[in-house]
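User: I want to learn how to read a few backbone and packing features. Can you take me through them?

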Amino acid sequence: MMRLQRLLHWVTGRSMATKQFMLFFAVTFLMFALLAGMNYQRASRLFKNQIVDDAQTLMVRTNQFLDTYLDNGQNILLLLSSQTGLLESPEAGQVEGFLRSAAENNSTIVKTLYIVTGEGRVYSNAQVYYEVLGNPMLPALYEQAKGSYSSVVSQPYSSPQSGYTVAIARQMLDQMNRSAGVAGVAVVELDLEKLMRKVSEVKPENQTFVLMSSQGQVVAYDNQTDLLPSKPEEFATVLPEFFLGDIYDLPTGTSHYDGPAGRLVTLKSGQNRMGWSLIFFIKESYFYQNVSVLLDDFKAVALVTLVVLFVTAFIMSRFFTRPIRLLASRMDRVQDMEVIPNINMRRNDEIGRLAASFNAMMERIRGLLEETREMDRRKQELELKVLQSQIAPHFLYNTLACIGSLARQQRTGDVKETIRSLVGLLKLTFDRTTEFVRVEEELDGLLRYLQIQRMRYGDKFIFINQVEKDTMDLAILKLTLQPLVENAIFHGIVPSGRTGEIHIRSRIKGGKLVFYIRDNGVGMEREQLRLIREARNGKPMADRFTGIGVNNVHDRLRLHFGEPWGLRIRTIPGMGTVVAVRLPVRPAEGMVLESAPRLHEMEEQEG
């Protein structure tokens with residue numbers, strides 16, 4: 001970030017000619033680089049799509065080969081399952097000889113053939129090996145096939161005779177007497193090693209494959225590649241469990257996988273008739289190898305273009321910016337806005353017209369400065385008059401009438417207190433030194449106002465002050481809280497016809513000073529709230545004492561602090577209203593002491 005800021009600072013400090021040179025050079029070079037990059041990416045994408053299409057075609061053909069492989073295995077199985085007559089022969093050698101003959105004729109597909117009778121006897125094309133090694137999977141295969149009328153395909157497993165294999169089993173029914181039940185079960189263990197070699201022979205370079213069962217077990221895979229992760233075992237290299245879980249969750253179609261040799265593009269087929277899914281893996285860097293020549297050509301052209309652009313941009317920037325630099329050097333001599341010299345440049349082109357326009361502009365600026373000073377002076381006078389007229393006449397009338405009534409009742413203490421509160425409010429309002437006061441002083445003025453209203457309304461309302469002490473010395477815009485409390489009294493509590501409560505509290509949160517003014521008065525209907533919002537667009541709504549409405553307070557806050565600040569109003573008809581005042585946290589730091597005396601000091605000065 002610091003380096004970027006330094007670079008920006010260095011660029012902004014250069015001359016116009018240098019900036020134009022750098023801009024012209026950078027834009028042209030970036031356009032060339034963008035076009036070259038787009039062409040390179042397009043070529044790479046086209047080549048990648050071609051490779052993926054070829055791989056998809058290969059996948060379709062491989063699945064067709066697997067289906068054919070399954071059909072051949074099913075045909076062998078049907079042949080075995082139809083030989084129920086052999087089971088009636090008392091000689092076991094006939095069954096074993098038939099199995100050996102069938103296995104020899106289909107050695108490219110099958111590894112071991114079995115016939116399991118209902119009595120539990122097992123015949124195999126390699127009977128001696130079976131009697132020595134056995135096969136613990138046959139009972140489970142027998143039970144699965146016995147309960148199914150179609151062929152049963154097992155999950156991959158390790159067979160003592162066939163090695164890593166998949167079995168297909170089918171029940172043997174007596175064709176002459178179907179009611180006799182299952183005579184036995186024929187089992188074919190497939191030769192997965194030959195199947196894996198067949199699939200490996202057709203895969204292209206920089207590609208590999210995994211054939212996976214429906215339950216996520218590996219049927220076959222290319223064990224001669226370094227593209228896939230592996231773990232060393234005692235006699236073989238097998239795929240780790242985490243990798244099998246990852247590829248099992250891959251979606252059907254094209255996706256990506258991060259392998260040990262880099263990023264791989266994966267193509268996963270749907271399940272074939274055996275429930276197997278074929279997954280091809282293609283090294284992504286392979287897509288970009290054949291376009292490396294194109295990239296070298298781009299580099300050579302880019303180097304030549306870079307040199308040509310550098311020379312051309314330098315010449316053009318110097319030629320076009322020389323008159324402008326001359327004009328800028330003369331304009332730099334303008335220091336004093338009170339004395340503006342004319343720029344003498346005898347040219348008939350755009351630069352000459354620019355010099356003439358500059359002379360006219362400077363004269364106009366000097367006139368505008370004079371007009372602005374006059375407007376500022378008149379604005380200050382008008383603001384003073386507006387502030388002095390903020391005390392509504394009927395408030396003064398009602399307050400003086402209240403004082404007269406108290407005097408007639410000889411309530412001297414209340415008269416004195418009311419007069420002091422009125423004097424304090426007037427001084428706070430008419431002070432023009434600053435627009436800001438301390439929160440403590442704003443609260444003091446609010447309490448004076450409430451004291452006057454209590455003399456008029458008695459115990460009609462209860463004021464609860466919960467302003468936190470740590471906010472007392474912060475700065476607040478004058479007459480921010482009082483109009484909101486005034487609104488709560490006259491539009492919330494008084495119309496309710498009952499004694500109400502007005503709460504005010506403050507807090508500091510996230511660099512914000514927030515005041516909450518809450519009353520339990522009549523609240524507002526949606527229509528009233530809509531009118532208040534419309535008043536922000538120009539319809540005035542003045543309150544009784546200051547003439548400063550709720551929306552005027554909102555507008556003043558936004559004018560002083562910006563858009564994020566101001567008021568938020570929440571109301572429920574019949575329950576009350578809450579007004580939130582949001583201000584930035586700004587310490588007063590003696591600003592108010594110099595601008596406005598505190599109200600209790602005013603009282604002491606009044607004697």
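**Reading a loop, a helix and a helix pair**

Analyst: Start with a loop. Leu479 sits in the loop that joins strand S17 (475-477) to helix H15 (482-493). Keep in mind that this is a predicted model.

User: What is the phi of Leu479?

Analyst: General idea: most residues other than glycine have a negative phi. Here, phi of Leu479 is near 55°, a positive value in a residue other than glycine.

User: Is Leu479 buried or exposed?

Analyst: Leu479 is buried, because its relative accessible area is 5% and buried means under 20%.

User: Next, a helix. Which residues of helix H8 are buried?

Analyst: General idea: an α-helix has 3.6 residues a turn, so residues three or four places apart point the same way. In H8 (residues 241-248), the buried residues are Phe243, Leu244 and Ile247. They cover an arc of only 100° around the axis, so they lie on the same side of H8. Glu241 and Phe242 are exposed on the other side.

User: What do the buried residues of H8 pack against?

Analyst: Strands, including S8 (207-212), S9 (218-221) and S12 (253-259). Strands S13 (262-268) and S14 (277-283) are also among them.

User: Last, a helix pair. At what angle do helix H14 and H15 pack?

Analyst: H14 (residues 439-457) and H15 pack at about 25°, with their axes 10 Å apart. Angles under 35 degrees count as roughly parallel, and H14 and H15 are therefore roughly parallel to each other. The crossing is right-handed.

User: Which residues of H14 and H15 meet?

Analyst: Among them are Leu446, Tyr449 and Leu450 in H14, and Val485, Ile489 and Phe490 in H15. The residues of this contact divide into seven nonpolar, two polar and three charged.

Methods: Residues numbered from 1 in each chain as written. Predicted model: local features only at pLDDT ≥ 70, side-chain atom pairs only at ≥ 80, totals over all residues. Heavy atoms only, no water. Helix = DSSP H or I, 4+ residues; strand = E, 2+ residues; numbered from the N terminus. Buried < 20%, exposed > 50% of the residue type's maximum accessible area, 1.4 Å probe, protein only. Arc of directions from axis to C-beta. Contact = heavy atoms within 4.5 Å. Axes fitted to C-alpha atoms, helices over the stretch in contact; angles between N-to-C directions. Parallel < 35°, antiparallel > 145°, perpendicular 65-115°, else oblique. Left-handed = near helix turned anticlockwise from the far one by under 90°. Nonpolar A, V, L, I, M, F, W, Y, C, P; charged D, E, K, R; others polar.
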